[in-house]
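Reader: I'd like to learn how to read a ligand site. Can you walk me through one?

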Amino acid sequence: MSALPPETGLRLILGSASPRRRDLLAQIGLVPHEVRPPEIDETPARGELPRAYARRIALEKARAVSLDEGEVLLCADTTVALGRRIMGKPADAAEAARFLHLLSGRRHTVITAVAVRRGDRLWQREVETAVKMKRLSNPEVNAYLATGDWQGKAGGYAIQGPAGAFIPWINGSFTGVVGLPLAEAAGLLTAAGYPAYGENA
Ligand SMILES: Cc1cn([C@H]2C[C@H](O)[C@@H](COP(=O)(O)OP(=O)(O)OP(=O)(O)O)O2)c(=O)[nH]c1=O
């Protein structure tokens with residue numbers, strides 16, 4: 001990661017359709033000039049390990065968005081990993097139920113890979129967090145599925161929603177689990193010349 005001198009007049013582009021990422025940026029006073037969601041194929045490669053997968057997808061997202069001069073792009077990918085198994089966003093409630101039963105009573109890892117791009121320069125990091133989910137009963141899983149909160153969430157749950165009641169312990173970055181590890185994202189933006197500590201707010 002190399003540092004560039006901070007410059008004014010740069011515009012922040014959020015390369016993500018995730019409202020969580022927009023809210024997390026707002027938490028540190030960053031409001032993107034524009035949101036440009038990337039369109040990429042998120043299918044894991046055969047035998048691909050979760051961390052390598054998250055990193056690859058974040059970089060592919062960062063390369064898929066077109067940028068103008070003076071723009072700094074932020075993209076991320078959040079992946080839930082149970083051992084070597086990659087859990088993306090469930091296609092339907094049945095898949096979400098399968099994920100939740102697999103995660104029940106166990107520790108898993110949430111990896112969020114962040115990629116920042118300016119021109120053809122890239123800055124990238126992955127942040128891993130260990131998450132313990134309590135043992136879930138069928139009524140608990142069914143009540144959670146009925147909330148619809150699993151939709152669009154890696155692993156079929158969101159720690160910041162009702163599923164917070166299922167998570168007694170994490171070790172790592174709460175904002176990373178929600179979708180954008182703020183300390184690391186701010187560091188990458190700063191390295192890319194976009195002052196991330198209020199100067200642009
Ligand atoms: C594990 C977990 C995931 N998530 C969300 C964050 C991400 O939005 C989503 C994982 O999907 P991603 O593919 O990382 O992101 P996305 O499809 O929502 O948006 P885009 O690709 O345009 O950037 O899961 C939570 O909100 N809370 C959680 O606790």
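Author: Helix H1 (19-27), E3 (71-82) and helix H5 (174-178) each supply at least two shell residues. This is a predicted model, where local features need pLDDT of at least 70, side-chain atom pairs count only at pLDDT 80 or more, and totals for chains, interfaces and linings use all residues. Residues are numbered from 1 along each chain as its sequence is written, and side-chain values use heavy atoms, leaving out hydrogens and water.

Reader: How many residues surround the ligand, and which are the closest?

Author: A residue counts as near if one of its heavy atoms lies within 4 Å of the molecule. By that rule 22 residues surround the ligand, with Ser16, Ala17, Arg21, Lys61 and Lys89 the closest.

Reader: Which polar side-chain atom lies 2.7 Å from an oxygen atom of the ligand?

Author: A polar contact is a pair of N or O atoms within 3.5 Å; within protein, one must be able to donate a hydrogen and the other to accept it, and residues adjacent in sequence count only if both atoms are side-chain atoms. The 2.7 Å one belongs to Lys61. Gln160 also places a polar side-chain atom 2.8 Å from a ligand oxygen, and for an N or O atom in the Asp77 side chain the distance to a ligand oxygen is 3.3 Å.

Technical notes: Helices (H or I, at least four residues) and strands (E, at least two) are DSSP runs, numbered from the N terminus.
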